[in-house]
Amino acid sequence: MKKIHGVLAGILATLAVVSFAFAADPLMINGAGATFPYPLYSKWFYEYSNANPGVKFNYQSIGSGGGIKQITAGTVDFGATDAPMTEEEMGKLPGAILHIPTAMGAVVVVYNLDKVETGLKMTPDVLAGIFLGKITKWNDPKIAELNKGVTLPNADIVVAHRSDGSGTTDIFTNYLSTVNTGWKTTVGAGKAVNWPVGLGGKGNEGVAGVVKQTPGAVGYVELAYAKQNKMSVASLRNREGNFVMPTLEATSAAAAGVEKSMPADFRVSLVDAPGKDSWPISGLTWLLVYKDQKDPAKGKALVQFLKWAIRDGQKMEAALDYAAIPTPVVEKIDKTLRLITSGGKPLY
Amino acid sequence: MATRSGRNPKDLAFEKASAFFAFVVLFLAALLFAVLLRESLPALRKFGARFLVSGTWDPVADQFGALPFIYGTLVSSFLAILIAVPLSVGAAIFIDEFAPPWLKKPVSFLAELLAAIPSVIYGLWGIFILVPVLRDYLMKPVTKYLGWIPLFKGPAYGPSVLAAGVLLSIMIVPFILSVSREVLATVPQRQKEAVLSLGGTRWEMLRIVIGQHCIPGIFGATVLGLGRALGETMAVTMVIGNRPEIFLSVFQQGYSMAAVIANEFNEAGGIQLSSLILIGLLLFLVTFVVNLAAKWILSKMVAHASRGI
């Protein structure tokens with residue numbers, strides 16, 4: 001029995017220490033959602049908590065859908081998503097929510113062709129034709145006429161796509177639906193779709209793996225994956241008729257291109273954006289926060305963090321292969337942050 | 001103590017406690033079934049029996065059917081059994097009957113070690129080694145010369161139902177192997193010696209002994225392997241190609257029930273989520289039916305085998 005008492009005392013002492021540690025740690029802000037911005041958010045939380053020791057973050061990258069579910073249920077202080085919430089999803093919310101854009105990403109077309117360098121030119125119709133299974137050979141005249149001087153092999157095109165539901169697929173299929181009516185009517189857009197052809201890989205790494213392992217393969221991945229794996233990427237003809245290579249600058253240009261028509265709630269698709277340098281398959285990623293915060297202290301800390309994220313935070317984006325939000329859009333976001341209140345009192 | 005075990009209060013308490021744990025297991029199984037059923041009701045109501053025979057999986061149009069997934073699961077598991085059973089039984093016989101003592105330990109140790117490798121590692125190995133090797137040295141030549149046979153029709157991309165079957169077979173070998181060895185060990189030494197003393201060769205001895213004694217046990221081992229193959233998720237997802245269509249050719253892509261759940265569950269909502277859970281329920285039922293059928297066949301076999309001796 002003595003032993004048990006000793007063990008109990010030990011447990012109690014540990015509990016006391018733990019609860020003391022919590023007491024000394026005033027604010028823990030919980031969030032959940034998108035996996036795409038996770039590396040950026042981790043960096044932000046780390047840097048911000050270092051500069052502001054009173055605030056700690058706990059972020060679970062469970063996917064955009066999961067983030068929306070958690071913020072709807074109120075189990076987290078903020079959500080994160082790569083696809084704006086639909087009207088149906090917003091109808092289930094207990095209160096008004098704000099979409100705060102934090103970063104931009106690009107989806108790029110990667111391929112594996114021996115002796116063909118990076119930058120193979122494609123038009124929206126050629127890309128849709130490939131993913132619809134209508135263009136099946138690499139030396140198809142439709143590809144060849146865009147790439148005079150490039151020797152294209154007489155090889156089968158092996159299409160690779162995401163097998164898991166993902167925001168990357170959402171942006172890619174939204175783009176194809178926007179630029180090609182055939183795609184829109186037969187396949188449509190969504191986080192997962194009924195692909196007419198091709199192999200499914202799980203995650204960006206899965207698609208990158210299929211493309212790297214299969215000669216003649218073509219697929220789509222986030223820009224960061226293509227860069228890190230040094231894959232050949234296609235150059236796409238954008239809305240203004242220019243062939244553009246996917247870069248961080250070209251991605252930011254897409255947001256600048258729609259800046260004038262940016263809706264007040266930032267729920268906007270950036271695919272096929274205007275602007276002569278715009279990369280056409282770009283997208284925003286958002287943090288989701290309630291307009292009226294239940295807990296004034298947490299709400300205040302969250303707003304302070306967001307103010308920091310859209311200014312100082314943007315400087316960390318390029319190093320992690322995210323495109324920064326252009327300054328005019330940052331000014332608009334700043335105005336939105338002023339709308340966040342707690343019990344009617346502004347928190348900005 | 002031993003004679004009054006039922007009356008002893010400590011034993012009684014132990015009996016009650018162990019009964020409680022047994023019921024917890026039963027309760028968990030029932031709860032699992034109930035939750036799966038409840039969550040899959042919207043899809044059951046919307047699609048009904050059509051869900052079983054429809055080959056469409058279209059999250060955009062909200063049309064779902066499970067047939068390609070059931071097909072992919074069964075075919076890849078069947079291929080795995082087809083490869084793994086001869087391999088495991090052959091290896092078991094070698095280790096127990098022919099292998100020199102210095103080889104016995106390392107071979108059986110390494111074979112059992114295969115069971116300890118996480119399935120995601122098998123999947124990665126599948127993507128980077130197995131799939132390219134199968135594609136370049138098996139699928140490409142076979143489609144070139146035997147491509148007219150529907151079973152081997154190209155094009156050979158690599159990720160395929162065959163790749164999933166081969167990978168699964170490697171994963172289930174340790175299970176079938178170790179159970180087969182235990183079954184072989186139950187054969188009385190005297191029975192073996194009797195066959196040899198009558199002038200039988202080693203082959204005849206094994207054939208008679210295994211035919212008489214070991215078939216039910218090996219069948220049981222096969223079912224154990226099959227159960228594992230049916231539910232395997234990660235490794236299959238990584239090599240099967242994730243294409244919800246039914247192709248006769250084993251060189252074409254497929255999809256499995258566990259794989260589609262793992263792939264789409266995270267971002268699914270509404271009727272898609274319910275359909276995924278319905279697939280989970282079906283997988284539960286498929287595994288249940290396979291095991292039940294196996295138990296029944298096994299009981300017949302055991303009865304038959306014991307009559308034969």
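A residue is termed buried if 20 or more other C-beta atoms lie within 10 Å of its own, exposed if 12 or fewer do, and partly exposed in between, with C-beta atoms placed from the backbone. The model shown is predicted: local features need pLDDT of at least 70, side-chain atom pairs count only at pLDDT 80 or more, and totals for chains, interfaces and linings use all residues. Residues are numbered from 1 along each chain as its sequence is written, while chains are lettered from A and ligands numbered from 1 in the order in which they are written.

**Figure 1. Chain A as a whole.** Of the 348 residues of chain A, 48% are buried. The C-alpha trace of chain A spans about 80 × 55 × 35 Å along its principal axes. Chain A contains 13 helices and 14 strands; these are DSSP runs numbered from the N terminus, helices being H or I of at least four residues and strands E of at least two. Two residues are in contact if their C-beta atoms, placed from the backbone, lie within 7 Å. Among the contacts in chain A with a separation of 6 or more, 71% are between residues 24 or more positions apart.

**Figure 2. The two domains of chain A.** Domain 1 comprises residues 2-105 + 284-346 of chain A, and domain 2 comprises residues 106-256; such bounds come from an automatic or database domain assignment. Taken over C-alpha atoms, the centres of the two domains of chain A are separated by 33 Å. In the contact between them, 16 residues of domain 1 of chain A meet 14 residues of domain 2 of chain A. On the domain 1 side, α3 and β4 of chain A each supply at least two residues. This side of domain 1 has 11 nonpolar, three polar and two charged residues. In this classification Ala, Val, Leu, Ile, Met, Phe, Trp, Tyr, Cys and Pro count as nonpolar, Asp, Glu, Lys and Arg as charged, and the others, Gly among them, as polar.

Figure 3. Helix α3(A) is mostly covered, with seven of its 10 residues buried. The buried residues are Ser64(A), Gly65(A), Gly66(A), Gly67(A), Ile68(A), Gln70(A) and Ile71(A). Their cover includes β1 (27-33), β3 (78-81), α4 (87-91), α7 (167-179) and β12 (282-290) of chain A. After α3(A) comes Gly74(A), with a positive phi near 80°.

**Figure 4. The contact between chains A and B.** Chain A contributes 26 residues to this contact and chain B contributes 23 residues. On the side of chain A that touches chain B, the elements giving two or more residues are α3 (64-73), β7 (199-201) and α9 (203-213) of chain A. The residues on this side of chain A comprise eight nonpolar, 14 polar and four charged.

**Figure 5. Gly190 of chain A and its neighbours.** Gly190(A) occupies the loop between α8 (181-186) and β7 of chain A. Gly190(A) counts as buried because it has 21 C-beta neighbours inside 10 Å. Not counting residues up to four places away in sequence, Gly190(A) touches Asp170(A), Thr173(A), Pro59(B) and Val60(B).

Figure 6. Lys115(A), in the loop between β4 (97-111) and β5 (121-122) of chain A, has a phi near 70°, a positive value in a residue other than glycine. With 8 C-beta neighbours inside 10 Å, Lys115(A) counts as exposed. Lys230(A) lies in the loop between α10 (223-228) and β9 (232-233) of chain A and has a positive phi near 50°. Its 9 C-beta neighbours inside 10 Å make Lys230(A) exposed. In chain B, Gly154(B) and Pro155(B) are joined by a cis peptide bond with omega about -5°. Pro155(B) is in the loop between α5 (119-146) and α6 of chain B.

**Figure 7. Packing of helices α6 and α8 of chain B.** The axes of α6 (residues 161-185) and α8 (residues 202-231) of chain B come within 8 Å and cross at roughly 155°. Axes are lines fitted to C-alpha atoms, for helices over the stretch in contact, and angles run from 0 to 180 degrees between N-to-C directions. The helices α6(B) and α8(B) are therefore roughly antiparallel to each other, a term for angles over 145 degrees, whereas those under 35 count as roughly parallel, 65 to 115 as roughly perpendicular and the rest as oblique. Residues making the contact include Leu168(B), Ile172(B) and Phe175(B) of α6(B) and Cys214(B), Gly217(B) and Ile218(B) of α8(B). By class, the contact has 12 nonpolar, five polar and one charged residues.
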